[in-house]
Amino acid sequence: MNQILKRIKNKIHRYKGETLAKSIDIFLTRKCNLRCPHCLWLLKDKDFFSNYDMNLDSINKILSYFKNNSKIKNINYAAEGEILLYEPLKDIIKLSKNNGFNVTSITTNGLLLHKKMDLIFENLNSIVISLDGYNAETYNKQRGGTEDTYNTVINNISNLVKERDKDKNKNFKIELNCIIGRFNLDYIEPMINKAEELGVDRMRFGSFHPTNNDKSIYSPIYLGEKDVEEIYKYLMSKTDWNTDITLPSLYGNRKIFWCSMLSEMVVIGAKGDFSPCCQMPPDTKYGNFFDTPNSYNKGNAAQFRRQFYFAKSYNELPLSCRECPRLSPIRNQFSSKLKIWDSDGQHYI
């Protein structure tokens, strides 16, 4: 009976275009110390970054609302920029935990890790570091900065690993992330080698997501492209990697449209604007928490989900969902412990 009631409840929420949220993504700042050319914020607006922070009173209001009006227990703190530029981060994590929320990980560009080691190890279980390059030349091409910028990030990661390997931090997980598209397809193997050299736990590759559908400069990689398949066959023929690996999701034909982001998450920007998912910049058209706290389940946000939920073909999906890594028909992962590759879709070998 409980399963029947659950299915009925899910159908009602899908019909209304609502999310049965299990977690919240909150962007704390619009500050950034890099200017990555493939950044989704800069692709939206070349002057996007500013000195804007979400203040403590605003965060208190968000925590209080969801504590009293939902069963959400997990919060992911992120940034429309670089999260470690947000000075009160330690206080915010503590405040969240005191209110019964779980905060376990953050994503950072790594430039300020050397100044935040205590915050990281005392308050988190893991960290994701965006490293879109395996040497100074490739890094600067994809993330901006100078050779010193790259060296700072690499030294910070190396020191983080050393600190992690001390007994008190041995369960802490360190993951690198690199965005891959046709513009840097040749980065994959050298990035894996760099991850192994640094001694991190996972090398995860994200797929470039053209949310504005402009592929003139940056374009994704697709299932069925010969050069892509050859690279994947080669990589997956190797089973001696010493780090876990997640290869880039490939875009292509889909038969089932399901997205945990849309159906299980609330995303709030630094100025309180909502977004249907973290792959899309928050926008006033989806509502604003400080105007109407529950507008994430109404209006344009609900209509966006309804379009997704009831799409029967690729062309019926919302434009920004048509080439999204979360809808990829395949994902290939390697377990360094088991020494095997696993695919949740079509196999390449």
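## Buried or exposed

A residue counts as buried when its relative accessible area is under 20%. This model is predicted. In it, Phe 66 has a relative accessibility of 1%, so Phe 66 counts as buried. Phe 274 and Tyr 296 are buried too.

## Aromatic rings

A pair of aromatic rings is described by two values: the distance of the centres and the angle of the planes. The structure holds 16 aromatic pairs.

Tyr 65 and Phe 66 make one of them, and this pair is edge-to-face. The ring centres lie 5.1 Å apart, with 90° between the planes. Phe 274 and Tyr 296 form a tilted pair.

## Two packed helices

Helix α3 covers residues 56-69, and helix α4 covers residues 89-98. The two pack at an angle of about 20°, with their axes 11 Å apart. Angles under 35 degrees count as roughly parallel. Therefore α3 and α4 are roughly parallel to each other. Their crossing is right-handed.

Which residues of α3 and α4 make the contact? From α3 come Leu 56, Ile 59, Asn 60 and Leu 63. From α4 come Ile 92, Leu 95 and Ser 96. Five of the contact residues are nonpolar, two are polar and none is charged.

Methods. Residues are numbered from 1 along each chain as its sequence is written. This is a predicted model: local features need pLDDT of at least 70, side-chain atom pairs count only at pLDDT 80 or more; totals for chains, interfaces and linings use all residues. Side-chain values use heavy atoms; hydrogens and water are left out. Axes are lines fitted to C-alpha atoms, for helices over the stretch in contact, and angles run from 0 to 180 degrees between N-to-C directions. Helices (H or I, at least four residues) and strands (E, at least two) are DSSP runs, numbered from the N terminus. Angles under 35 degrees count as roughly parallel, over 145 as roughly antiparallel, 65 to 115 as roughly perpendicular and the rest as oblique. A crossing is left-handed if the near helix is turned anticlockwise from the far one by less than a right angle, and right-handed if clockwise. Contact means heavy atoms within 4.5 Å. Ala, Val, Leu, Ile, Met, Phe, Trp, Tyr, Cys and Pro count as nonpolar, Asp, Glu, Lys and Arg as charged, and the others, Gly among them, as polar. Rings of Phe, Tyr and Trp (its six-membered ring) pair if their centres lie within 6.5 Å; planes under 30 degrees apart count as stacked, over 60 as edge-to-face and the rest as tilted. Buried means under 20% relative accessible area, exposed over 50%, partly exposed in between (1.4 Å probe, protein chains only).
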